[in-house]
Amino acid sequence: MQELTHEEVLTLQAMEEAMWRAETRFDMRFMDAVLADGFTEVGRSGRTYTRDEVLALQSTEIDVELPLTGFTAVAICEDVALVRYTSMPAKASRGEAHRTSVWVNDGRWRLRFHQATLTHL
């Protein structure tokens, strides 16, 4: 199996962090280009979101520390990467979550799956 290059890891980190910036997260054109067909997300509440539901989200404040904590990206097969990190609130005292994403490269990296799990109940 091929390992990700340092450039690919940096690209994936930049793309994940773009999901945490309001100017890109709520930009329909950006998100439409980044989310793969069939994208699904399991939010930290346990709710499942479809690609269409994520694209329809209304703009809101995003409370997170950047850069993302403990960011790692590894190839799990050719043109597929597994990304893991912990999201840490910048202002709130609670809400820390472990996060996992699956990215596929079909000529450009696209997000296929994302899941969040609260670290504290």
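**Close-up views of a predicted protein chain**

Figure 1. V9 is partly exposed, because its relative accessible area is 21%, where under 20% counts as buried, over 50% as exposed and values in between as partly exposed (1.4 Å probe, protein chains only). The model is predicted, so local features need pLDDT of at least 70 and side-chain atom pairs count only at pLDDT 80 or more, whereas totals for chains, interfaces and linings use all residues. Residues are numbered from 1 along each chain as its sequence is written, and side-chain values use heavy atoms, with hydrogens and water left out. V9 belongs to helix α1 (residues 6-18); helices (H or I, at least four residues) and strands (E, at least two) are DSSP runs, numbered from the N terminus. Residues up to four places away in sequence aside, V9 touches L4, F71 and A73, a contact being heavy atoms within 4.5 Å. Between V9 and V83 the C-alpha to C-alpha distance is 9.0 Å, although 74 residues separate them in sequence.

**Figure 2. The largest nonpolar core.** This core has 23 residues, and L12 and W103 have the most contacts inside it. A nonpolar core is a set of buried Ala, Val, Leu, Ile, Met, Phe, Trp, Tyr and Cys residues joined through side-chain atoms within 4.5 Å. At least two residues of the core come from each of α1, α3 (28-34), β1 (35-42), α4 (51-55), β3 (69-77), β4 and β6 (109-118). Apart from its neighbours within four places in sequence, L12 is in contact with L4, F71, A73, A81, V83, W103 and W109.

**Figure 3. The aromatic pair F71 and Y85.** The whole structure contains 1 aromatic pair. The ring centres of F71 and Y85 are 6.3 Å apart and the planes lie at 20°, so the pair is stacked. Rings of Phe, Tyr and Trp (its six-membered ring) pair if their centres lie within 6.5 Å; planes under 30 degrees apart count as stacked, over 60 as edge-to-face and the rest as tilted. Because F71 lies in strand β3 and Y85 in strand β4, the pair ties together parts that are 14 residues apart in sequence. Both F71 and Y85 are buried.

**Figure 4. Confidence in helix α2 and strand β4.** Among the elements of the protein chain, helix α2 (residues 22-25) has the lowest mean pLDDT (95), and strand β4 (residues 80-87) has the highest (98). Here pLDDT is the predictor's confidence in each residue, from 0 to 100. The protein chain averages a pLDDT of 94, and 98% of the residues score at least 70.
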